[in-house]
Amino acid sequence: MSKDRFFLEVALEEAEIALNDHTYPVGAVIVDQERNIIAKGRNRVHSHQDATAHAEIDAIRNAGSSIFNAKIEGEKFTIYTTVEPCLMCTGGILFAKMRRVVWLLNDGEGFGGYKKINGAGIFERKLNEVDVSDEPYADLKIKQHDLMRQWEENPNHVGNLRSTFKKGG
Ligand SMILES: [Zn+2]
């Protein structure tokens, strides 16, 4: 099994835990160049009532000082995430000096931000330092897609929260 596949499966496990916590099913893993897992993260937006608690940010927070040690030592970290990073997480990834980003499912219709920022001709020098691999495994992409579909049925999904609000429930 390829190492990318292994780490994406770990990220998927985190996404499943998030769904069971009734929050967005997104997971992330940060790995060093010797392929040790430095940190895992998952979405905690609803579970922590924190709009910024995305999986990538959670993983970066959990990585703590190793982010700065890697920067000093010139070590190249990879972040694996189950969905294309949003605007905020793309910024977080650049601030945390990730050198490679791999994600399972593109999110062009939603809050996916990485490709839009990458195509905007801005922050080019920073973005050129990061290698990107998107949707490398069709079967794992389907698994993430299934988690997103299950999320639509969750009471915390914004559509369901709005209809509950309208009903006065
Ligand atoms: Zn995000």
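What share of the 169 residues of the protein chain counts as buried? In this predicted model, 34% of the residues of the protein chain count as buried.

**Figure 1. Overview of the protein chain in the predicted model.** The secondary structure of the chain amounts to eight helices and five strands, and, read from the N terminus, these elements follow one another in the order α-β-β-α-α-β-α-β-α-α-β-α-α. Along the principal axes, the C-alpha trace extends over about 55 × 35 × 30 Å. The radius of gyration is 16 Å, which agrees with the value near 15 Å that a compact globule of 169 residues would have. Where contacts link residues at least 6 apart in sequence, 60% of them join residues at least 24 apart.

**Figure 2. The largest nonpolar core, with its 38 residues.** Within this core, the members that touch the most other members are Ala11, Val29, Ile30, Ala59, Ile79 and Tyr80. Two or more residues are given to the core by each of the helices α1 (3–20), α2 (55–63), α3 (66–73), α4 (87–95) and α7 (138–152), and likewise by each of the strands β1 (27–31), β3 (78–83) and β4 (100–105). Helix α1 supplies the largest share of the core, namely seven residues.

**Figure 3. The surroundings of Ala11.**

**Figure 4. Strand β4 beside strand β3.** Because five of the six residues of β4 are buried, this strand is largely enclosed by the rest of the structure. Strands β3 and β4 run parallel and are joined by five bridges, and in this pairing Val83 stands opposite Leu105 of β4.

**Figure 5. Strand β4 beside strand β5.** Strand β4 also pairs with β5, which consists of residues 131–134, and this pairing is parallel and extends over four bridges. Here the bridge partner of Val102 is Ser133, a residue of β5.

Terms used
Residues are numbered from 1 along each chain as its sequence is written. This is a predicted model: local features need pLDDT of at least 70, side-chain atom pairs count only at pLDDT 80 or more; totals for chains, interfaces and linings use all residues. A nonpolar core is a set of buried Ala, Val, Leu, Ile, Met, Phe, Trp, Tyr and Cys residues joined through C-beta atoms within 7 Å. A residue is buried if 20 or more other C-beta atoms lie within 10 Å of its own, exposed if 12 or fewer, and partly exposed in between; C-beta atoms are placed from the backbone. Two residues are in contact if their C-beta atoms, placed from the backbone, lie within 7 Å. Two strands pair if DSSP finds at least two bridges between them. The radius of gyration is taken over C-alpha atoms; the globule rule is 2.2 Å times the number of residues to the power 0.38. Lists of a residue's contacts leave out its neighbours within four places in sequence.
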